[in-house]
Amino acid sequence: VAGGGSAYDNTRAALANLDLSVARGKRVLLKPNAGRIAPQGGGITTDPQVIVAAIDAFQEVGAEVAVGESPIAGVNTLEAFDALGITPLARERNCPLIDMDARRYVKVAVPEGVAIQSLKVCPEVLEHDIVVSIPVMKMYMHTGVTLAVKNMKGCLWRRSKVDLHMLPPLEHSEERPLNVAIADLSGVLRPHLSIVDGTVGMEGLGPSAGKAKALGVVVVAADPFAADAVSCQLMGIAAETVPHLRLGAARGYGVIDLARIRVSPATWRDWTNPFAPPPS
C-alpha cells in the first residue's frame with residue numbers, strides 16, 4: 001500500500017516492494033478499467049498515470065508490455081483509451097493499445113463453475129505470459145465492490161459480459177447468480193498481479209453513477225483477493241460481506257482474511273478507511 005504522492009509515484013512505490021524481474025522477456029498485458037467514455041479524475045476509469053507507471057516498471061525490467069480492454073456494449077475501445085488520456089502516453093513508450101474485441105473469442109471451460117460452465121475470453125488474455133488487473137477502487141451497485149477480481153470480467157468478449165447479468169436463479173442457493181458467476185470466473189481468470197487505483201475512487205452507485213472520492217492511495221498484490229480485501233478495508237467494507245470475494249476465497253482462489261495478509265505497516269497506519277468521515 002502506498003500513498004502520499006502522485007498517482008505515478010504511489011504506483012511505483014507500491015510496485016517497488018515486488019521483484020518484477022520475473023517479467024524479463026515476458027509478454028505483459030495490463031488490463032485497466034477503461035471500458036467507458038468518462039472524464040479523467042471522476043473515479044470511473046483508471047488514472048492514466050497509474051497505467052503508465054506500470055508500463056514503465058515492466059519495461060524497465062525488459063518486459064514486452066501492452067494495454068488491453070474490452071469495453072461495455074456500444075463503446076469503442078480506442079475512443080475510450082483516448083478519453084482516458086492513455087493514448088499519447090502509451091505512444092511515447094511504444095506500448096500497444098489493444099482492442100480486445102477485435103478478434104474472435106476463445107472458449108474457456110470453467111471446471112468448478114456453479115453458475116457458468118464456460119466463458120468467451122478475449123484471446124490476448126491467453127496469449128500473454130502475465131496479466132495485470134488495474135481497476136479503480138470503487139463500490140458497485142450489483143456486487144458491492146468492483147476491484148481486481150471483478151475487473152477481469154472485462155476480459156470477456158464483447159456482449160458476453162452481459163450474459164453474467166442475465167443468469168437464472170440458482171437451485172438450492174440464495175446467492176445472486178451474478179455473484180456466483182464472478183466467483184466462477186475467478187477460478188480461471190485470476191490476474192498474476194493486481195494494482196488497485198485508489199487515486200480517486202467512487203462510493204455509492206458505482207460503477208459510474210456514484211460519487212467520486214479522492215483517496216490518494218494505490219494497493220498492489222500478487223493475490224487479487226488480497227488486493228481486494230485490503231482495498232475493502234480502506235473503503236470501510238469487510239471483504240467477507242462481498243459475496244464474490246467470500247465465495248471465491250472459500251474455494252481457495254485467494255485470501256481475504258486480513259490476518260493472513262502481509263501489509264506494509266508504514267503506509268497501512270496512514271490509510272485506514274479514508275472513506276470514513278473525519279473525527280468531530
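1. Contact here means heavy atoms within 4.5 Å. The model is predicted. By that cut-off, Arg190 touches Phe225 and Tyr253, leaving out residues up to four places away in sequence.

2. Arg190 sits in the loop between H8 and E10. Its relative accessibility is 37%. Arg190 therefore counts as partly exposed, because that class runs between 20% and 50%.

3. The Arg190 side chain has two backbone oxygens to note. That of Ser186 is reached at 3.0 Å. That of Tyr253 lies 3.4 Å from a polar atom of the Arg190 side chain.

4. Ser194 belongs to strand E10, residues 193-203. Ser194 is buried, at 0% relative accessible area. Beyond its neighbours within four places in sequence, Ser194 contacts Ser133, Ala148, Val219, Val220, Ala221, Pro224 and Ala227.

5. The largest nonpolar core has 56 residues. Val125, Met137, Leu189 and Leu245 touch the most other members. Elements giving two or more residues to this core include strand E8 (136-140), strand E11 (211-221) and helix H10 (243-250). H9 gives the most, with 8 residues.

6. Not counting residues up to four places away in sequence, its contacts include Leu147, Val196, Leu215, Val217, Val219, Leu234 and Met235. Asp197, Gly198 and Ser231 are also among them.

Note on methods:
Residues numbered from 1 in each chain as written. Predicted model: local features only at pLDDT ≥ 70, side-chain atom pairs only at ≥ 80, totals over all residues. Heavy atoms only, no water. Helix = DSSP H or I, 4+ residues; strand = E, 2+ residues; numbered from the N terminus. Buried < 20%, exposed > 50% of the residue type's maximum accessible area, 1.4 Å probe, protein only. Core = buried A, V, L, I, M, F, W, Y, C linked by side-chain atoms within 4.5 Å. Polar contact = N/O pair within 3.5 Å; in protein donor to acceptor, adjacent residues only side chain to side chain.
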